[in-house]
Amino acid sequence: MELDERKTKILQAVIRNYLETGEPVGSRTISKYTDLNLSSATIRNEMADLEEMGYILQPHTSAGRIPSDKGYRFYVDAMMEEKEREVVELKDMLLERQDKMETMLKQVARVLAQNTQYATMISAPQTHRNKVKFIQLSRVDEGQILAVIVGEGNVIKNNILSVEEELSDETLLKLNMLLNTHLNGLSMEEINLGMIAAMKRQAGIHSDLIGGVIDAVAEAIKADEDLQIYTSGTNNIFRYPELADQERASELINTFEEKKLLTGLIQDDSPENSGTGIQVYIGDETPVQSMKDCSVVTATYELSEGMRGTIGIIGPKRMDYDKVIGTLKTLKSQLDELYKDGARGEKGKE
């Protein structure tokens, strides 16, 4: 006798309910936990088969069932296989998107420089106000646990955590359920000390591991420090005499080459900015020291799930503001539509 879909769903419901309550599970309870619309009698028959197959036990006559070691093993293997598949699919999708995104952003910077005859920059989108999608703990070896944290925007971080002793499958399963029940859908700001303390109490002797996972979550869902910035049109600076003298031009070109110096132009998501407006910096207002003789116009584009980047155009104070602002507004709209069309295409393949 093999586990068909119906038996699998009933077994999973028994295990989930037992993990939540610690009490033997009856057929009437299971009828509320499955989407099979089966009668209690049918569920009792299926549970009898599962007991005969060794997946569940009946600790006392006329009592409900509890999972056996074999049942736990089936549940854990199925869950881990599903989560690992999700992580692999997310990583593949993310790498594919990153390759396409890099090519597109470089092209955007080039076209923008050609159309405006100014220097341009565009930052790769980053996740702001990121939230936890799910957490997966799995065993690496006797003294190490792999924590995979997936955040919004499919940001994936892997962390190796040390443990003093090897954790059983059942313990890992319970810790996975504890973490996901409490943390899924939350941002770091929403994970307060009271919640962490409650989770550590429930984890008992494994409270240190919970603390390590919380630290890993904080690392995973903060803004990515490896910010990518693409530039083009640096030589356009020499078109304008007020920027073309050797000292000024050299300083500006160095800023574009050392792209980290451009991070001052990356707009934040503060309430007053709202992450969507166009910002104009003139002369000393410019946050980048080498651009004090320039005007800079920036705009934030937003893709999805809080993924945002900044487009910037750098030129002389006498730049054509009307043209630059109009170009940025159009580009923002095109990026938004391009991403939506890509997302629709991906969904169509599913």
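## A guided look at helices, loops and contacts

At 26% relative accessibility, Q117 counts as partly exposed (buried means under 20% relative accessible area, exposed over 50%, and partly exposed in between, with a 1.4 Å probe and protein chains only). This is a predicted model, in which local features need pLDDT of at least 70, side-chain atom pairs count only at pLDDT 80 or more, and totals for chains, interfaces and linings use all residues. Residues are numbered from 1 along each chain as its sequence is written, and side-chain values use heavy atoms, leaving out hydrogens and water.

**The whole protein**

- You can find 10 helices and 11 strands in the protein (helices are DSSP runs of H or I with at least four residues, strands are runs of E with at least two, and both are numbered from the N terminus).
- Of the 350 residues in the protein, 44% are buried.
- Among the contacts with a separation of 6 or more, 61% join residues 24 or more positions apart (contact means heavy atoms within 4.5 Å).

**Where α1 meets α3**

- Helix α1 covers residues 5–21 and helix α3 covers residues 40–52; the two pack at an angle of about 85 degrees, and their axes are 10 Å apart (axes are lines fitted to C-alpha atoms, for helices over the stretch in contact, and angles run from 0 to 180 degrees between N-to-C directions).
- That angle makes α1 roughly perpendicular to α3 (under 35 degrees counts as roughly parallel, over 145 as roughly antiparallel, 65 to 115 as roughly perpendicular, and the rest as oblique).
- On the α1 side, R6, K7, I10, L11 and V14 make the contact, and on the α3 side T42, I43, E46, M47, D49 and L50 do.
- Sorted by class, this contact of α1 with α3 has 6 nonpolar, 1 polar and 4 charged residues (Ala, Val, Leu, Ile, Met, Phe, Trp, Tyr, Cys and Pro count as nonpolar, Asp, Glu, Lys and Arg as charged, and the others, Gly among them, as polar).

- E102 is part of helix α4, residues 69–116.
- With 32% relative accessibility, E102 counts as partly exposed.
- Although E102 and I229 are 127 residues apart along the chain, their C-alpha atoms are separated by 9.7 Å.
- Q117, our opening residue, sits in the loop between α4 and β3 (119–123).
- The phi angle of Q117 is near 65 degrees, a positive value in a residue other than glycine.

**The loop at G143**

- G143 belongs to the loop between β5 (132–141) and β6 (144–151).
- Its relative accessibility is 26%, so G143 counts as partly exposed.
- Leaving aside residues up to four places away in sequence, G143 touches L161, S162 and V163.
- G143 and L161 are 18 residues apart along the chain, and their C-alpha atoms are separated by 8.4 Å.

**The two sides of α6**

- In helix α6 (residues 193–203), the buried residues are M195, I196, M199 and A203.
- These cover an arc of only 100 degrees around the axis, which puts them on the same side of α6 (the arc is that of the directions from the helix axis to the C-beta atoms).
- Turned away from that buried side, the opposite face of α6 carries the exposed residues L193 and R201.

**The two sides of α9**

- Helix α9 (residues 246–257) has 12 residues, which at 1.5 Å a residue should span 16 Å; its end C-alpha atoms are 16 Å apart, which agrees (the expected span is 1.5 Å times one less than the number of residues).
- A249, L252, T255 and F256 are the buried residues of α9.
- They cover an arc of only 125 degrees around the axis, so they lie on the same side of α9.
- The exposed residues Q246, E247 and E257 are on the face of α9 turned away from its buried side.
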